[in-house]
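We will visit some rings first, then some pockets.

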Amino acid sequence: MAQPPWSSSFRTLFFIPTCLALNTFLLILFYTSSSSSSSSSSSSTHTFFFSPPSHPRQTPTQFHDSSIPLLSSAQNLSLEDANAGPALPHTQPSSSLPPFGRRMHDQAKGVFHDEDLFLEDYKEMNKSFKIYVYPHKRNDPFARSLLPEDFEPHGNYASESYFKQSLFKSHFIVNDPKDADFFFLPFSITGLRNDRRVSVSGIPDFIRDYIFSVTHKYPYWNRTGGADHFYVACHSVGRSAMDKSSEAKSSVVQVVCSSSYFLPGYISHKDAALPQIWPRKQDPPNLTSSKRTRLAFFAGAMNSPTRQELVRVWGKDAEIFAHSGRLKTPYADELLRSKFCLHVKGFEVNTARVGDSIFYGCVPVIISNYYDLPFGDILNWKSFSVVVATSDIPSLKKILKGISDEEYAMLQSNVLKVRKHFKWHSSPVDFDTFHMVMYQLWLRRTSVRLRLMD
């Protein structure tokens, strides 16, 4: 029987691709075999470790302008503190072993995530960062809440007032808004809270009206929807200040003491934590760890389940002094007598106890879930504090006693090194709390640094 004329051509077309596929398979098989052999031979003489970084790098700031010379931190800036000993050592390259396999003191050597980067950026921030403050006159009906106080800040929420005073005395303020990186909304939450015309319940209404006025009187807000604006508040009611300004709530940068990333009102990558620091004029003490006879100390109101649990478990312990209510002895004496000082969540994640601990040279123990710790972009909190989950309160003594004398000496030494960063001054001082807050703002300016049009 005669085959169709196209049959031979069809077999040829089928045969060629099959041969090509077979040849390709053989080449892949040969290559895989030889690669395996080479790899096996190499592994007999070399061992490679993947080494994750021992700390997160700071938030990227902006593309560096090659026309701006970088700072040589060893020559131009010193972090030396008369109360803290020698200048901070530069961070060393991490070990080839992964950090989760090292002991605590191996992964927490330096107090900075990246000291060199911080010093370079800090110099640039000091040189170029500009803030425009919305102006108000002395005869403004709410001048006391909109202008800096003319007296020394005091009380539990003094950080808010100190920031405003320091900003007005600093070189960061510009008169021309076209030069500004950020715009400061100068209302004082503490001032409004204490103003009978406003009070706590009226703060969201006041802020809504204030922002309405700013958006209609000036063009700057409308340029970015408020993303290059910020306000500062230390009282917890400040976090709800924008509740009646929906656009502002999602865009304005909050610098607040109640920095809990568990609550929807705070966005950690946009907002920044403000340390709550009780104002003190005297020089900080330098009591060594050898004179600290008590393991740990806490005293305070029982205004949270976390504190209640702490006192329930450790209230009668001989080594952990957990006291409900006010002390009969001076608070400072207990801080100086203790190796570890407990910061335990109350109504909010923040209290002044972290600042108290650092001032008195006591290693802070943070028992406050979801607390976005102040200056977390900059400082390595593992190097000078101990963070304990609230669920681990029953194991607290075991955790603290598991820290060796060598590790404790490192922690306390680092507490003294960071102490300057947790102190306010009547006039700003390099590396103090004001400058650290400004640096946090500077890190957050990247996405909104746009020039205003004429």
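Predicted model: local features only at pLDDT ≥ 70, side-chain atom pairs only at ≥ 80, totals over all residues.

**Stop one: a ring pair.** The whole structure holds 35 aromatic pairs. Select Phe-297 and Tyr-331. Their ring centres are 5.9 Å apart and their planes meet at 55°, so this pair is tilted. Phe-297 belongs to strand β6 and Tyr-331 to helix α12, 34 residues apart, so the pair links distant parts of the chain. Is Phe-297 buried or exposed? Its relative accessible area is 2%, so Phe-297 is buried. Tyr-331, at 29%, is partly exposed.

**Stop two: a ring with two partners.** Select Phe-359 and Tyr-360. This pair is edge-to-face, with 5.0 Å between centres and 80° between planes. Phe-359 is buried at 9% relative accessibility. Tyr-360 is buried too, at 9%.

**Stop three: the largest pocket.** Its volume is about 710 Å³. Select Asn-156, Ala-301, Arg-307, Thr-351 and Arg-353, which lie nearest the centre among 27 lining residues. β6 and α13 each supply at least two residues of the lining. By class, the lining has nine nonpolar, 12 polar and six charged residues.

**Stop four: the second largest pocket.** This one has a volume of about 430 Å³. Select Arg-144, Glu-149, Phe-151, Gly-191 and Asn-194, the closest to its centre of 21 lining residues. Helix α5 gives the largest share of this lining, three residues.

Key
Residues numbered from 1 in each chain as written. Heavy atoms only, no water. 1 Å grid on protein atoms, 1.4 Å probe; cavity = no way out; pocket = protein on both sides within 12 Å on 5 of 7 lines; lining within 4 Å. Points joined across faces, edges and corners; volume = space filled by probe spheres on them. Helix = DSSP H or I, 4+ residues; strand = E, 2+ residues; numbered from the N terminus. Nonpolar A, V, L, I, M, F, W, Y, C, P; charged D, E, K, R; others polar. Phe/Tyr/Trp six-rings, centres within 6.5 Å; stacked < 30°, edge-to-face > 60°. Buried < 20%, exposed > 50% of the residue type's maximum accessible area, 1.4 Å probe, protein only.
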